Amino acid sequence: MRDPEAARAVADAVLYDGRRPSPHGAGEVRDQVHRQLGVLVPPGFTATEEPSAAQTECLLDCGDDGGGTLHVRPRFLHVRARTAEGAAPHDEAAEREIDLVWT
């Protein structure tokens, strides 16, 4: 995908609305628990069945010269505990980005 805005729109759809794909036939009961795609938890956290690590592999075409610069910007939601006066403590997701560049 060469259009960064189109890629961002797809990433936002997965980041904010994405559910794990699971095949269900007509009449089958769906999972009762909402599980987001790509959720990671700290190692040893056993309250959920979410994994603590992920791996992504990509194939890149560097052209005929084999050089260039690779710019990667992983985006994710980072859960943080929030407290407000007069309200019960709750978790909130904050969007984060990390810029990585290889030359």
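These legends go with close-up views of one protein chain.

Before you start, note that this is a predicted model, in which local features need pLDDT of at least 70, side-chain atom pairs count only at pLDDT 80 or more, and totals for chains, interfaces and linings use all residues. Residues are numbered from 1 along each chain as its sequence is written, and side-chain values use heavy atoms, with hydrogens and water left out.

**View 1. The protein chain holds one helix and four strands.** Starting at the N terminus, the order of elements is α-β-β-β-β. Helices (H or I, at least four residues) and strands (E, at least two) are DSSP runs, numbered from the N terminus. Of the 103 residues, 6% count as buried; buried means under 20% relative accessible area, exposed over 50%, and partly exposed in between (1.4 Å probe, protein chains only). The accessible surface of the chain is about 9100 Å², and 54% of it belongs to carbon and sulfur atoms. Accessible areas come from the Shrake-Rupley method with a 1.4 Å probe, and for residues only the protein chains shown count as cover.

View 2. R75 belongs to strand β2 (residues 75-82) and is buried because its relative accessible area is 18%. Leaving aside neighbours within four places in sequence, R75 is in contact (heavy atoms within 4.5 Å) with residues including R8, L15 and R96.

**View 3. Now look from the side of D12, in helix α1 (residues 4-17).** D12 is partly exposed, as its relative accessible area is 27%. D12 and R75 sit 63 residues apart in sequence, with 9.1 Å between their C-alpha atoms. Beyond neighbours within four places in sequence, D12 is in contact with D17 and R75.

**View 4. L60, L70, V72, I98, L100 and W102 make a nonpolar surface patch of about 490 Å².** Strands β1 (70-72) and β4 (100-102) each supply at least two of the patch residues. L100, found in β4, counts as partly exposed because its relative accessibility is 31%.

How values were computed:
Patch = residues over 30% accessible without salt bridge, like charges linked within 9 Å, V, L, I, M, F, W, Y side chains within 5 Å. Salt bridge = Lys/Arg side-chain N within 4 Å of Asp/Glu carboxyl O.
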